[in-house]
Amino acid sequence: MTISANWYLLLAAVLFCFGLVGVVSRRNILVVFMCVELMLNAANLTFLTFARQQGTMNGHAIAFFVIAVAAAEAAVGLAIVIAVFRTRGTLWMDEVSTLKN
Amino acid sequence: MNRTFSKLALWAFLALLVALFLGYFITRVLPDYLPAGRAVPPRLGDLVFYACAAATVAGAAGVAFSRNIVWSCIGLLIALLGTAALYVFLSADFLAVAQLLVYIGGVLVLILFAVMLTNRIGEVNVSNQSLGLGGGLAVFAAVAPLLMLVAVLVPWPVRPPGPMAPTTARIGDEFLSTWLLPFEVASVVLLATLVGAVVMARKELKAD
Amino acid sequence: MPTVSSQDVLALAPVAILALGGIALLLSEVFLTSGKRGYQAFLTVLFAATAGLTAFGATPGKVFAGQATADAFSAFVTITVSFGLALAALVSASWLDARGAERGEFYALSLFAASGMSLLGMASDLLVAFVAIEIMSLSTYALAAWMRRGKKPAEAAFKYFILGAFSSALLLYGTSLVFGATGSTLLSDVARGPLQAGGSALLSAGLVLVAAGLAFKVAAVPFHVWTPDVYEGAPTPVTAFMAAGVKTAAFAILARTVLAAYAATGGAADSAFPRVLAVLALLTMLVGNLFAVPQRSVKRMLAYSSIAHAGYLLLGVLAAGLPAVRERALSGVLFYLASYTASAIGAFAVVGALESNGQPGDEPADAWDLERLAGLSRRRPLLAFAMTVFMLSLAGVPPTAGFVAKLLVFQAAVGAQYLALAVVGVLTSALGAYYYLRVVVYMYMRPAAEGEPAGVTSPVLSVALAVAVAAVVVLGIGSEPVASLARAAAAVVR
């Protein structure tokens, strides 16, 4: 294989930048969250690239922590989405009742 | 009709700008820094790498720029699949599988759930102060060249791929030796997540 | 292969006690039969006190192969965090009880958050710091959404979550670049500089991203946009805990990281890192104070004031880059954190005590504004006195803790030749005195409006306020014991 590590790092940087742009420019909160996941993926790709360069397993272990924490964040994120939706949902119900009157 | 067309034209123009920038940067600026003198014809593995990388970038662009949230989800799926494939190239087989199981099987499904549950939430602006497209492009123009340059400044030597040995056992060793502290503490993260998610998803508290 | 010694385990005792305390409070809800929850806050205080005491007992040294450090610095952070947790728990008890929302999970999440903060004080490895930050953040997201009457709390949690996740991603990508440049995530290895010849750009980019991620947590400008909304929307006792605890823990790891970054980039004067930090400190002091002035809501004003205080603290961290004044600057930062913990929690507690009771159907919290404080000195003289003490301390008026803290930090800044920044700090403090004293003027000089509620008080809240007032006054008049403790803590950090 002739692919140098720089290409992997470059790809990770592009992923990270796309995520960054998405976070600062998008208004939809779920899309923003997906962009954060992209950024975490970029970090993981970088960790694994350096792990191969250094020939150690450290990067692999770190990447696992990242995946675990990302999953935990997603769970909390969904819970918050539901919480917001509950309050919004009630609002929507109010709208419905005003319309009935 | 006219409005959609002008919107489309604007998007096409912006996409062209980004593509031109990336293309110029990768073909003109970066080769000065990349290790030179590779006149080897590309092998099959390299082509697969480029294909995966292109798919990942396309997916990421879809996440960040698509107007339709379902397309964003599909973009994320493609980007995650692409990175999982790249993990295999980096001889991280176990992580590739974990990426498939946890990210695509877990996180992405959660996000899809949230999308379907709250398909109106996108219209109701949940007060995320965004800088808008201009701000996004400004940030991109400021950060992307720096990070991409940093990625290629050190000419890392090309490593011959080692034998595809399973990494699972060695990762387990790492967890219980070098990374024992974060490994143990991660259990508190999961416990706090569990409690926090239940607390937030339940109904409003009333005096009992 | 490194082995785990008893010293490693003992050093983590405060973290473990806080986490186990959280589990105990979760279980307390399971075995609850009487429906009386008054003891839960006291249990929390007990665990906080135990953790604070055990922090003294650890043998100083690096543990877990250098990934964590148990020293006087981490002990000081743990004690400050435990003190904040105990105060916040007492304040929460009365606030939540009045709204029928007191549950064991609340205290459990607070204890988990505190265990993360305590670990953050010890962390000397970027990955450990990341995991500790996640413990702290995930718990506080849930605490911020504890009460969802009205739209604001849920949105506050949402905003806090998204920006918190974003800052974690910045931190992590930065860590990955640092890992590439130095081959390790240990701060001691980071301080040695890059491995390869061309790696210094990689390392600098990584460190800048790590610092940006941490700047989100300490609410430094321009990474502060979440702070006012989140502080306003969250339940008031949670805001108090977030303002004090998260700030303390985040500044602890920021100080350790910045010192490693200084060492890695070779000296303070000639690298770009201090300049970036100086700009951050300047912007944070200016924006925090300027935006606090027009706020009519006391809670929102306190949120902007917390940004301003982050600016003064950043000034201290910046000064710590110079080895000659490092000890003075760091001890100033630590003392500042302790004094801010007491003053801010006290101030938020008074605000919380005066909030409308939030009967189901009301929109609480956000209906608060400055006029409601008018005539408080006649309605509730003691509450007004306590609020006055906290306002004076936040403004930095002698003889309160805030004055000593500001003095220490500004002296260190002058010692490190950051004269202009110190002058800006003094001037913005004067501006700060205006909006803090405005609150005092409203309480003492304006007649009360008709039909203002007397507010909630309970014996627990009185105890908490008395302790906070005592802490602010004692730290102001007899600051020497705590200041010497802070100096000892600062001396061990390199």
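Helix α2(A) and helix α7(C) run roughly parallel to each other, because angles under 35 degrees count as roughly parallel and their axes cross at roughly 15°. This is a predicted model. Chain A comes to 3 helices and 0 strands, and chain B to 7 helices and 0 strands. Chain A touches chain B, and chain B touches chain C.

**Helix α2(A) against helix α7(C)**

- The axes of α2(A) and α7(C) come within 9 Å.
- Their crossing is left-handed.
- From α2(A), the contact draws on A:Ile29, A:Val32, A:Phe33, A:Val36, A:Met39, A:Leu40, A:Ala42, A:Ala43, A:Thr46, A:Phe47 and A:Phe50.
- From α7(C), the contact draws on C:Phe158, C:Ile162, C:Ala165, C:Phe166, C:Ala169, C:Leu172, C:Tyr173, C:Ser176, C:Leu177, C:Phe179 and C:Gly180.
- By class, the contact of α2(A) with α7(C) holds 19 nonpolar residues, 3 polar residues and no charged ones.

**Helix packing within chain C**

- Helix α7 of chain C covers residues 152-182, and helix α9 of chain C covers residues 199-218.
- The axes of α7(C) and α9(C) lie 7 Å apart, at an angle of about 155°.
- Angles over 145 degrees count as roughly antiparallel, so α7(C) and α9(C) are roughly antiparallel to each other.
- The crossing of α7(C) and α9(C) is left-handed.
- The contact of α7(C) with α9(C) has 16 nonpolar, 9 polar and 1 charged residues.
- Another pair in chain C is helix α17 (residues 401-415) and helix α19 (residues 459-477).
- The axes of α17(C) and α19(C) come within 6 Å and cross at roughly 45°.
- That angle makes α17(C) oblique to α19(C).
- On the α17(C) side, the contact is made by C:Ala401, C:Phe403 and C:Val404.
- On the α19(C) side, the contact is made by C:Val472, C:Leu475 and C:Gly476.
- The residues of this α17(C)–α19(C) contact are 5 nonpolar, 1 polar and no charged.

**Where chain A meets chain B**

- Chain A puts 65 residues into the contact, and chain B puts in 81 residues.
- On the side of chain A that touches chain B, the elements giving two or more residues are α1 (5-25), α2 (29-54) and α3 (58-100) of chain A.
- Helix α3(A) gives the most to that side of chain A, with 24 residues.
- The side of chain A that touches chain B divides into 48 nonpolar, 12 polar and 5 charged residues.

**Where chain B meets chain C**

- This contact takes 30 residues from chain B and 43 residues from chain C.
- On the side of chain B that touches chain C, the elements giving two or more residues are α5 (132-153) and α7 (180-201) of chain B.
- Helix α7(B) supplies the largest share of that side of chain B, 14 residues.
- The side of chain B that touches chain C divides into 20 nonpolar, 7 polar and 3 charged residues.

**Chain A: fold and confidence**

- Along the sequence, chain A follows the pattern α-α-α.
- Chain A has 101 residues, and 73% of them are buried.
- Of the contacts in chain A with a separation of 6 or more, 37% are between residues 24 or more positions apart.
- The mean pLDDT of chain A is 81.
- In chain A, 83% of the residues reach a pLDDT of 70 or more.
- Among the elements of chain A, α2(A) has the highest mean pLDDT, at 91.
- The lowest mean pLDDT among them, 73, belongs to α3(A).
- The pLDDT is below 50 over residues 90-101 of chain A.
- Beyond near neighbours in sequence, the stretch 90-101 of chain A has 0 contacts in the model.

**Chain B: fold**

- Along the sequence, chain B follows the pattern α-α-α-α-α-α-α.
- Chain B has 208 residues, and 31% of them are buried.
- Of the contacts in chain B between residues at least 6 apart in sequence, 53% join residues at least 24 apart.

Notes
Residues are numbered from 1 along each chain as its sequence is written. Chains are lettered from A and ligands numbered from 1 in the order in which they are written. This is a predicted model: local features need pLDDT of at least 70, side-chain atom pairs count only at pLDDT 80 or more; totals for chains, interfaces and linings use all residues. Axes are lines fitted to C-alpha atoms, for helices over the stretch in contact, and angles run from 0 to 180 degrees between N-to-C directions. Helices (H or I, at least four residues) and strands (E, at least two) are DSSP runs, numbered from the N terminus. Angles under 35 degrees count as roughly parallel, over 145 as roughly antiparallel, 65 to 115 as roughly perpendicular and the rest as oblique. Two residues are in contact if their C-beta atoms, placed from the backbone, lie within 7 Å. Ala, Val, Leu, Ile, Met, Phe, Trp, Tyr, Cys and Pro count as nonpolar, Asp, Glu, Lys and Arg as charged, and the others, Gly among them, as polar. A crossing is left-handed if the near helix is turned anticlockwise from the far one by less than a right angle, and right-handed if clockwise. pLDDT is the predictor's confidence in each residue, from 0 to 100. A residue is buried if 20 or more other C-beta atoms lie within 10 Å of its own, exposed if 12 or fewer, and partly exposed in between; C-beta atoms are placed from the backbone.
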